Amino acid sequence: MTASAAAPADGTALLAATPDRMRGALGHFASGVTVVTTATEGPDGPHAHGMTANAFTSVSLDPPLVLVSISTHAHSHRRIDDSGRYGVSILGAGQGPVAHHFAGGAQSPEAVSLEWRDGLPLVGGALVHLACRVRQSHRAGDHTLFVGEVEGLWLGSGGPLVHYRRDLRALAGPAPTAAGDPEAVSVRHRAPAPAPVPPRAPAPASVPPQALAPAPVPPQAPVPVPDRTPAQDPGSTAVREHAPHQAPAPAPVPHQAPDPRRDPNLGTDREERPAHAR
């Protein structure tokens, strides 16, 4: 029997890649959670639209390109195609209700706040805001891949919201440092420890001149010199190691499993009207 025809070690059989099986299999790939938004013009001002999606990835750093995969059945598909622009809000650990709201799950309008930046609505309190202009679109099965160039970027702080096997989980953010710089704990940026000072050789004893025969010189005991290591030397520039700060675990995100009939990118889109549309 050849290696290509060998059965899996766990005895599982080859399965057809049906939509339900694909949804279940790809759910094992842990990912962040985003809300993809766009705006349409109405008679009384712009209207904001958004949908929860985890089908988001970076494409290029130079030029700055990202990609979102939108179902052709989603309302946002036509709106992004028409406007040529979309925003991406990467959700933080405490924004589970926002993800469910824009995925067609439990409605929590009180948890949703929108900020308008560069003409696009973005979810308030998110870890990252991206304002993108569509540069390419590619039809792929029942989805369209919208490649967008990032025209604006805003950074927040905190831990991320993670999607894994139809569940939302919260991760703690990075531990703060005294300087407030996450790179401050990187070994690559530490000052090198100074080399240890070698012990000093004892100085030879001087013998006074004698007019007559020299008297025997008593042996001199060497003067002990301490070995100055970086930890003992008060003038040392060695960096001391500190135990990493443990950030408190975030409150658990209430779980509400999305409807399994919905798209694997977490769902449909909702139309949200901001209090002060601009």
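Me: How do β6 and β9 pair, and over how many bridges?
Reply: In this predicted model, strands β6 and β9 pair in the antiparallel sense, with six bridges between them. Two strands pair if DSSP finds at least two bridges between them, and the strands themselves are DSSP runs (E, at least two residues), while helices are runs of H or I with at least four residues, both numbered from the N terminus.

Me: Ok, which residue in β9 is the bridge partner of valine 88?
Reply: That partner is leucine 130. Valine 88 in β6 also has valine 36 standing opposite, and strand β2 (residues 34–42) is joined to β6 by four bridges, the two running antiparallel.

Me: How many residues of β6 are buried?
Reply: Five of the six residues of β6 are buried, so this strand is largely enclosed by the rest of the structure. Buried means under 20% relative accessible area, exposed means over 50%, and partly exposed lies in between (1.4 Å probe, protein chains only).

Me: What does valine 36 touch, leaving aside its neighbours within four places in sequence?
Reply: Valine 36 is in contact (heavy atoms within 4.5 Å) with His49, Gly50, Met51, Ala53, Val68, Ile80, Tyr86 and Gly87. Valine 36 also belongs to the largest nonpolar core, which has 16 residues, and is listed with Val68, Ile70, Tyr86 and Leu130 as touching the most other members. A nonpolar core is a set of buried Ala, Val, Leu, Ile, Met, Phe, Trp, Tyr and Cys residues joined through side-chain atoms within 4.5 Å.

Me: Which strands each supply at least two residues of this core?
Reply: In the core of 16 residues, β3, β5 (64–71), β6, β9 and β10 each supply at least two. Apart from that core lies another one, of 10 residues, among them Leu91, Val98, Ala99 and Val112.

Me: Switching to charges, how many salt bridges does the count come to?
Reply: The count comes to six, where a salt bridge is a side-chain nitrogen of Lys or Arg within 4 Å of a carboxyl oxygen of Asp or Glu. One of them joins glutamate 151 to arginine 85, with the closest N and O atoms 3.4 Å apart. Glutamate 151 lies in strand β10 (residues 143–155) and arginine 85 in strand β6 (residues 85–90), so the pair ties together parts that are 66 residues apart in sequence.

Me: And is each of those two buried or exposed?
Reply: Glutamate 151 is partly exposed at 37% relative accessible area, whereas arginine 85 counts as buried at 13%. Both residues also belong to one network, in which salt bridges that share partners join Arg85, Asp118, Arg133 and Glu151.

Me: Where do arginine 23 and aspartate 20 sit?
Reply: They are three residues apart in helix α1 (residues 19–26), separated by about one helical turn, and their side chains meet in a salt bridge at 3.0 Å, N to O. Arginine 23 counts as buried at 16% relative accessibility, whereas aspartate 20 is exposed at 57%.

Key: Residues numbered from 1 in each chain as written. Predicted model: local features only at pLDDT ≥ 70, side-chain atom pairs only at ≥ 80, totals over all residues. Heavy atoms only, no water.
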